[in-house]
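Hi,

Here is the structure I promised to pass on.

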Amino acid sequence: MEPLIEVRGLRFRYDDGTLALDGVDFQLFPGETVALFGRNGSGKTTFVHHLNGLLAGEGFVSVCGLQVEKRNLPAVRRKIGLVFQDSDEQLFMPTVIEDVAFGPLNRGQDTTAAMETASQALRDVGLEALAGRAPYHLSAGEKKRVALAGILAMEPEILVLDEPTTFLDPPAQRDLAALLRRLPQAKLVVTHDARFARALARRAVFFEKGRIVADGPIDEIVDRFQWVPGTTSGEAAGPQPAG
Ligand SMILES: Nc1ncnc2c1ncn2[C@@H]1O[C@H](COP(=O)(O)OP(=O)(O)OP(=O)(O)O)[C@@H](O)[C@H]1O
Ligand SMILES: [Mg+2]
């Protein structure tokens, strides 16, 4: 089976000299949901920003058979939808409905169809009542859900969610897990919340200092790194010293 995402030997250094990715190899296969765990600063966000060409390091990255490079970016970005860790980087239209309809309009849907797609996506995230509001003035959890609706409206083949539960209240977290389970797409979920991750994924990878140091069944990864579940704040204990 061809992987949907293939990454080989990915290295990336920020302008200030920080080596954020130090040789990452990764594959995502159709139908899979994979959790990305790792301490703060271990490279998870930097990694996912390479998947749709927001960042470009050394090494090989392909999505749905397309190498992620400048000339392929429009096509790549139709295949892979990324919900940013920081919603403020993602929301830019004057109203919620326009923000969510932006992608469908850009893909060539007419206004009526795009509005219908956007309305459905807002219903999916439980925010249809906010359609006319300004994204800028929403609460953090509302912004996160609008950003997610904007990605769902694009109907990508792969969903990448960077800390999707941050700022979500417990019912909204449960609704999000249920929604994601219903969606057929392959998914990558960056999260510190092992309980949320276990509700979605069977496989996990663990980032450490810009590398994937473990890749396997999620329960093994959680145990091995003592990535303890059970908090809703997005906090989790890091790896503990042995013994
Ligand atoms: N714009 C930037 N310029 C310089 N260094 C950066 C930049 N963004 C991130 N870094 C550094 O790159 C490394 C990886 O950061 P990254 O944001 O990918 O971590 P992360 O695993 O997503 O962390 P978190 O769990 O806190 O979201 C860190 O050392 C971070 O300080
Ligand atoms: Mg991050």
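Around ligand 1 there are 14 residues, counted when the C-beta atom, placed from the backbone, lies within 6 Å of the ligand. The closest include Tyr14, Asn40 and Lys44. By type, the shell splits into 9 polar, 3 nonpolar and 2 charged residues, where Ala, Val, Leu, Ile, Met, Phe, Trp, Tyr, Cys and Pro count as nonpolar, Asp, Glu, Lys and Arg as charged, and the others, Gly among them, as polar. Helix H1 (residues 44-51) gives the most to this shell, with 3 residues. Helices (H or I, at least four residues) and strands (E, at least two) are DSSP runs, numbered from the N terminus.

A word on provenance: this is a predicted model, in which local features need pLDDT of at least 70 and side-chain atom pairs count only at pLDDT 80 or more, while totals for chains, interfaces and linings use all residues. Residues are numbered from 1 along each chain as its sequence is written, and chains are lettered from A and ligands numbered from 1 in the order in which they are written.

Now the sheet. It is open, with 6 strands in the order E6-E7-E8-E3-E9-E10 and mixed pairing; two strands pair if DSSP finds at least two bridges between them. Strands E6 (80-83) and E10 (211-217) stand at the edges with a single partner strand each, so one side of each has no neighbour in the sheet. Strands E7 (residues 158-162) and E8 (residues 186-190) run parallel and are joined by 5 bridges. Leucine 161 has valine 189 in E8 as its bridge partner.

Best wishes
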